[in-house]
Amino acid sequence: PKKALIIGAGIAGIATAIRLAVKGYQVEVYEANSYPGGKLSQFEQDSYRFDAGPSLFTMPQYVNELFKLAGRNPSDYFRYQKLDVVCRYFYEDGTRLTAYANAGKFSDEIQEKTGEPAAAVKHYLDNSSMVYNVTNHVFLERSLHRLKTYLRWDTVKSIFQFGKIDAFRTMHKANEVFFKDKRIVQFFDRYATYNGSNPYSAPATLNVIPHLEQHFGAYFPEGGMYNITSCLVALAESLGIKFHYNNPVAEIALQGHTVRGIKTNDGVIEGDLVVSNMDIWFTYHKLLSNYPKLYPQKILNQERSSSALIFYWGIRYQFRELDLHNIFFSADYEAEFNHIWREKEIYHDPTVYLNISSKYKPNDAPESCENWFVMINVPANTGQDWDALIAGARENVLNKLSRLLNKDIRKLIANESILDPRSIESRTSSYQGSLYGTSSNSRFAAFLRHANKSSKIKGLYFCGGSVHPGGGIPLCLLSAKIVSELVG
Ligand code: FAD
């Protein structure tokens, strides 16, 4: 059989490996770390378990698809639970809002708490659904970089409806037209952060994201987020795929303009095709550093998505008012985003995201305790003085949570670790520590993500959050699907 070499065991690398093995390739995965999953990994701290990166699981069908492809019954391997309460929201003015999965209940909650009519929310979600139906075939499920996509009837139909996708105003501007209540505008603006963008510059097309969450639902994988990685690795291994951990790839070996294989500490390993799951910027700058003429400069220079600062706290207390996902909004969202995107700084009153997996998986924390994953959005790493910024942010986050929860959080912290843009960058080779590859702050962003196949090097493919169709688990899984279709 033909041999495929995958660089990186991130979620996209694992999914690509599975798809190529099903196609009959002999697949080997080379991973720099001692563990799989990249950003989707886990760790323990005293008696607390933490998912290190992603915490919101949407579109489980893309994971199931991999089991089905391999002829397995997904639920024998991977189980998950649909959330009735997607997220709890806390505002500085004291408003508390529960985002229910049920659209009717959710709209009623908004009307009751803010006075924004339930019908306005319904109208908004219907619009979000329409934009999704127009865009998903073109922007998400297929390669944007080959003619065949544009010759398909559903693509043509979509392109004729592009006037409806609202690409010419920003998310924020559109949300202001839909809603009178500032709290609800802020609520819907937040979806820009699902791919690390800025609602004050990202096109309103991204208002499809609430539809994905509302219509397709949010889930909690049995065993925690890391189970997505471990179940897929188990599936991959059962298909004969070999994982080589602690095995960083130093170079993509070429013969003329055709891939020959990869170079690791063990020398050159030959293969018929190579798929890089390494961030596209580092793929060129590190693995193809001998070929600067091949760099697609315009694409590599695209603005990066935002990064994150995360405090992992073991908390000696249980809060009844908290759920799996919780948001504590800043009082001035525009000022917060200006700080992140223009000043490249952390705002003094950041929006805080708090994830507590022990709400659904009690043994993630000792009895009467909770495992807190406390995250704020911060700019990508361009050399800021992170130690100073983190010290300030830690105080501000603690003050904000203590204020909004009426309890001194400092006294409850049993243990702590911190992840910041520098460590995200070094642990997963993500350029500037960006969470989602390039940002979607312009209406051309979708066309300026790198293709899933090299146009200059035969046999070289790309998957993962820094290439088409973008970051986040569902899109990473779709990138794997597109690669396997391009391989033919
Ligand atoms: P990565 O996870 O970046 O993995 C790449 C892998 O390649 C790594 O294991 C790395 O070690 C390896 N590698 C790199 N270079 C080499 C080399 N030269 N040789 C060998 N191996 C190499 N997404 C969601 O869907 N929901 C969320 O709630 C969410 N929240 C997030 C929160 C945080 C804090 C972070 C960091 C991300 C979050 N994301 C979320 C985004 C999501 O985690 C990513 O989009 C996705 O996991 C990226 O997967 P990937 O396959 O592109 O690669």
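Reply: Histidine 172 sits in helix H8, which covers residues 171-178. The model is a predicted one, and every value below is computed from it. Histidine 172 counts as buried, because its relative accessibility is 12% and the buried class takes in everything under 20%. Leaving aside residues up to four places away in sequence, histidine 172 touches Val185, Asp189, Pro199 and Tyr200.

Now to the helix packing. Helix H1 (residues 11-22) packs against helix H11 (residues 226-238) at an angle of about 25°, and their axes are 10 Å apart. That angle makes H1 roughly parallel to H11, since angles under 35 degrees are classed that way. The crossing in which H1 passes H11 is left-handed. On the H1 side the contact is made by Ile11, Ile14 and Ile18. On the H11 side it is made by Ile228, Thr229, Leu232, Val233, Leu235 and Ala236. Sorted by class, the residues of the contact of H1 with H11 are eight nonpolar, one polar and no charged.

H1 also packs against H2, again at an angle of about 25° and with axes 10 Å apart. H1 and H2 are therefore roughly parallel to each other. H1 passes H2 in a left-handed crossing. Here Ala15, Ile18, Arg19 and Val22 of H1 meet Glu65, Leu66 and Leu69 of H2. The contact of H1 with H2 has five nonpolar residues, no polar ones and two charged. Ile18 is listed in this contact and also in the contact of H1 with H11.

H2 and H11 pack against each other as well, at an angle of about 15° with their axes 11 Å apart. H2 and H11 are therefore roughly parallel to each other, and their crossing is left-handed. From H2 come Val63, Leu66 and Phe67, which meet Ile228, Cys231, Leu232 and Leu235 of H11. The residues in the contact of H2 with H11 comprise seven nonpolar, no polar and no charged. Leu66 is listed here as well as in the contact of H1 with H2. Likewise, Ile228, Leu232 and Leu235 of H11 take part here and in the contact with H1.

The side chains of glutamate 65 and arginine 19 form a salt bridge, 2.9 Å from N to O. Because glutamate 65 lies in helix H2 (residues 61-69) and arginine 19 in helix H1, the pair ties together parts that are 46 residues apart in sequence. Arginine 19 counts as buried, at 8% relative accessibility. Glutamate 65 counts as partly exposed, at 22%.

Lysine 23 has 40% relative accessibility, so it counts as partly exposed. Apart from residues up to four places away in sequence, lysine 23 touches Ser484, Glu485 and Gly488. Between lysine 23 and arginine 260 there are 21 Å in space, C-alpha to C-alpha, and 237 residues in sequence.

Other charged pairs are found elsewhere; the count for the model comes to 22 salt bridges. One of them joins glutamate 109 and lysine 113, at 2.8 Å from N to O. These two are four residues apart in helix H4 (residues 103-114), so about one helical turn separates them. Glutamate 109 is buried at 7% relative accessibility, whereas lysine 113 is partly exposed at 34%.

Arginine 304 and aspartate 279 also form a salt bridge, with their closest N and O atoms 2.7 Å apart. This pair links distant parts of the chain, 25 residues apart. Arginine 304 is in the loop between helix H13 (297-300) and strand S15 (307-315), and aspartate 279 is in the loop between strand S14 (273-276) and helix H12 (280-287). Both arginine 304 and aspartate 279 are buried.

Finally, Arg49, Asp51, Lys361 and Asp364 are joined in a network of salt bridges.

Note on methods
Residues numbered from 1 in each chain as written. Predicted model: local features only at pLDDT ≥ 70, side-chain atom pairs only at ≥ 80, totals over all residues. Heavy atoms only, no water. Axes fitted to C-alpha atoms, helices over the stretch in contact; angles between N-to-C directions. Parallel < 35°, antiparallel > 145°, perpendicular 65-115°, else oblique. Left-handed = near helix turned anticlockwise from the far one by under 90°. Contact = heavy atoms within 4.5 Å. Nonpolar A, V, L, I, M, F, W, Y, C, P; charged D, E, K, R; others polar. Salt bridge = Lys/Arg side-chain N within 4 Å of Asp/Glu carboxyl O. Buried < 20%, exposed > 50% of the residue type's maximum accessible area, 1.4 Å probe, protein only.
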